[in-house]
Amino acid sequence: MGFEEKIEYKRISLEHLDDLADQHIILSTEENFLPLFGKRAIKAFYKWWVLREDVISFVAIANGRVIGHVLGPLDLNYRRNLNRYIFPYILLGIFGAILKKPLKFINLFYKRFGLVFNSLKSLFYSKKENKNVNGISNSVILLSIAVIPEYQGKGVAKKLND
């Protein structure tokens, strides 16, 4: 082929939300709730990462479209803030899922009850993690990393992790 495509790596911004939501729908497993709740809920999830400074949130871009991303909180107490931010979108998504795909929703709810319970619990209760002297956790969670199929195996995920 000879032609090397230029891939840019940059922090996630609002302009990337549509691409990220589309990718999330395509790349998600059957165990993922967000696609069931709709594109608005997915965009809200990624928007939270755009609005935060205490997170790792980068995208890989080729030919003007997002081809991959990496997300991770620097604060291990992120879940409460994230869940509070996306809760209204999730609530609307739940009603839509119950109306459009009730059996799929019930099945997934049953399979992932622990996740649902812990997410709801985090809205009201947050266990504080140990922090170092700078107030930042000594650990980082890699919450999500994804690359669209045609760019997999080309080092995109590795570069996103650097």
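This is a predicted model: local features need pLDDT of at least 70, side-chain atom pairs count only at pLDDT 80 or more; totals for chains, interfaces and linings use all residues.

Mentor: With a relative accessibility of 4%, His-69 counts as buried, because the buried class covers values under 20%. Its side chain makes a polar contact of 2.7 Å with the side chain of Ser-144. Apart from neighbours within four places in sequence, His-69 is in contact with Leu-20, Gln-23, Tyr-46, Phe-58, Val-59, Ser-144, Ile-145, Ala-146 and Leu-160.

Tyr-46 is one: leaving out residues up to four places away in sequence, Tyr-46 touches Leu-17, Leu-20, His-24, His-69 and Leu-71. Tyr-46 also belongs to the largest nonpolar core, a set of 28 residues in which Leu-34, Phe-37, Phe-45 and Tyr-46 touch the most other members. Two or more residues of this core come from each of H1, H2, helix H3 (39-51), strand E2 (55-62), E3, H4 and helix H5 (102-111). The greatest contribution is that of H3, which supplies eight residues.

Lys-43 and Asp-18 form a salt bridge with an N to O distance of 2.9 Å; Lys-43 is in helix H3 and Asp-18 in helix H1, 25 residues apart. Both ends are partly exposed, Lys-43 at 27% relative accessibility and Asp-18 at 39%. Asp-22 and Lys-39 form another salt bridge, at 2.8 Å from N to O, and this pair again links helix H1 to helix H3, across 17 residues. Here too the residues are partly exposed, with 34% relative accessible area for Asp-22 and 32% for Lys-39. Asp-18, Asp-22, Lys-39 and Lys-43 are linked in a network of salt bridges. The whole structure contains five salt bridges, including one between Arg-52 and Asp-54, whose closest N and O atoms are 2.8 Å apart.

Glu-30 sits in the loop between helix H1 (17-27) and helix H2 (34-37) and is exposed, at 58% relative accessible area. Beyond its neighbours within four places in sequence, Glu-30 is in contact with Lys-104 and Leu-108. The C-alpha atoms of Glu-30 and Leu-108 are 8.2 Å apart, although 78 residues separate the two along the chain.

On the surface, Phe-87, Leu-91 and Phe-95 form a nonpolar patch with about 280 Å² of accessible area together. Leu-91 belongs to helix H4 (residues 78-100) and, at 36% relative accessibility, counts as partly exposed.

As for the setting of these details, the chain has seven helices and four strands, arranged along the sequence as β-α-α-α-β-β-α-α-α-β-α. Of its 162 residues, 35% are buried. Among contacts between residues at least 6 apart in sequence, 74% join residues at least 24 apart. The accessible surface of the chain is about 10,200 Å², and 58% of it belongs to carbon and sulfur atoms.

Key: Residues are numbered from 1 along each chain as its sequence is written. Side-chain values use heavy atoms; hydrogens and water are left out. Patches are made of residues with over 30% relative accessible area and no salt bridge: like charges are joined within 9 Å, nonpolar side chains (Val, Leu, Ile, Met, Phe, Trp, Tyr) within 5 Å. Accessible areas come from the Shrake-Rupley method with a 1.4 Å probe; for residues, only the protein chains shown count as cover. A salt bridge is a side-chain nitrogen of Lys or Arg within 4 Å of a carboxyl oxygen of Asp or Glu. Buried means under 20% relative accessible area, exposed over 50%, partly exposed in between (1.4 Å probe, protein chains only). Contact means heavy atoms within 4.5 Å. A polar contact is a pair of N or O atoms within 3.5 Å; within protein, one must be able to donate a hydrogen and the other to accept it, and residues adjacent in sequence count only if both atoms are side-chain atoms. A nonpolar core is a set of buried Ala, Val, Leu, Ile, Met, Phe, Trp, Tyr and Cys residues joined through side-chain atoms within 4.5 Å.
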